[in-house]
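Open the model in your viewer and keep the selection panel at hand. The stops below say what to select next and what to look for there.

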Amino acid sequence: MITIEEILEYLNSDRVEDMTEEMHECSMRQSQAAIKQTMELNTKYHTPEEIVRIMSELTGEEVDENFRLFPPFYTDFGRNIHIGKNVFINSGCSFQDQGGIYIGDDTLIGHRVVLATLDHDLNPYDRHLLCAPIHIGNRVWIGAGAIITRGVTIGDGAVIAAGAVVTKDVEENTIVGGVPAKVIKTLDVEKFKEV
């Protein structure tokens with residue numbers, strides 16, 4: 001029988017269109033487990049410590065004790081979310097994580113942010129899945145309602161404006177906004193270090 005670790009290795013190789021029936025069934029079992037875990041998270045009050053425990057179970061990795069999340073939170077897989085230290089995720093976020101979501105230390109994620117690692121081929125006769133990870137650096141701030149699409153890397157210190165749709169990589173210490181997101185300005189981080 002195929003394991004979740006083998007599914008993760010496969011998903012992280014961008015070959016979703018070749019998924020076997022056995023792999024698909026294993027993936028669906030994991031999705032059902034994620035639905036169960038997020039229902040537990042979202043339907044009653046939990047202390048911050050309980051949320052850390054639930055997120056550790058959901059991701060299959062030890063989540064930092066300083067992690068904070070305001071439910072509700074939604075994910076359709078769970079096991080391909082990787083969370084750094086001192087991360088905050090606000091309420092209503094949706095993580096489509098089959099392709100892998102990597103969140104750096106000290107990152108802030110606003111209300112209703114969507115991280116989508118899957119997409120479909122444009123060919124109307126073959127809409128197979130396309131899969132690529134999202135990498136979010138350290139000290140990133142993602143504003144409310146932003147959408148980050150598959151394959152995007154956001155550099156350290158970047159700011160994603162509220163409502164932005166990010167379809168391309170964002171350089172470090174850069175503010176982007178709009179649909180699709182464009183550079184608004186580059187931050188002079190040296191002046192912040194002086195304070």
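**Stop 1: a buried threonine**

Select Thr 75 and Gly 78: a polar atom of the Thr 75 side chain lies 3.4 Å from the backbone nitrogen of Gly 78. A polar contact here is a pair of N or O atoms within 3.5 Å; within protein, one must be able to donate a hydrogen and the other to accept it, and residues adjacent in sequence count only if both atoms are side-chain atoms. This is a predicted model, in which local features need pLDDT of at least 70 and side-chain atom pairs count only at pLDDT 80 or more, while totals for chains, interfaces and linings use all residues. Residues are numbered from 1 along each chain as its sequence is written, and side-chain values use heavy atoms, with hydrogens and water left out.

Thr 75 is buried, with a relative accessible area of 8% (buried means under 20%, exposed over 50%, partly exposed in between; 1.4 Å probe, protein chains only). Show what Thr 75 touches: Ala 34, Thr 38, Leu 58, Ile 81, Phe 95 and Asp 97, not counting residues up to four places away in sequence. Contact means heavy atoms within 4.5 Å.

**Stop 2: the five-strand sheet**

Thr 75 is found in strand 2. Helices (H or I, at least four residues) and strands (E, at least two) are DSSP runs, numbered from the N terminus. Colour the open sheet of five strands, order 2-5-8-13-16, with parallel pairing. Two strands pair if DSSP finds at least two bridges between them. Strand 2 (73–75) and strand 16 (165–166) are the edge strands, each pairing on one side only.

Zoom in on strand 5 (residues 93–96) and strand 8 (residues 114–116). Three bridges pair them in the parallel sense. Look for Gln 96, which stands opposite Ala 116 in strand 8.

**Stop 3**

Next, select the open sheet with order 3-6-11-14; its four strands pair in parallel. Strand 3 (81–83) and strand 14 (153–154) stand at the edges with a single partner strand each, so one side of each has no neighbour in the sheet. Strand 3 runs parallel to strand 6 (residues 101–103), joined by three bridges. Ile 83 stands opposite Ile 103 in strand 6.

**Stop 4**

Show helix 2 (residues 21–42) and helix 3 (residues 48–59). They pack at about 175°, with axes 10 Å apart (axes are lines fitted to C-alpha atoms over the stretch in contact, and angles run from 0 to 180 degrees between N-to-C directions). That makes the two helices roughly antiparallel, a term for angles over 145 degrees. Among the contact residues are Ala 34 and Thr 38 of helix 2 and Leu 58 of helix 3.

Move to the loop between these helices and pick His 46. Is it buried or exposed? At 7% relative accessibility, His 46 counts as buried. A polar atom of its side chain lies 2.9 Å from the backbone oxygen of Glu 40. His 46 is also in contact with Leu 41, Ile 51 and Ile 54, among residues beyond four places in sequence.

**Stop 5: the hairpin**

Finish at strand 17 (residues 174–177) and strand 18, which run antiparallel over four bridges. They form a hairpin with four residues between them. In the turn, Gly 178 has a positive phi of about 100°. Thr 174 stands opposite Thr 186 in strand 18. How many of the five residues of strand 18 (residues 182–186) are buried? The count is zero; strand 18 is hardly covered.

Notes. Angles under 35 degrees count as roughly parallel, over 145 as roughly antiparallel, 65 to 115 as roughly perpendicular and the rest as oblique.
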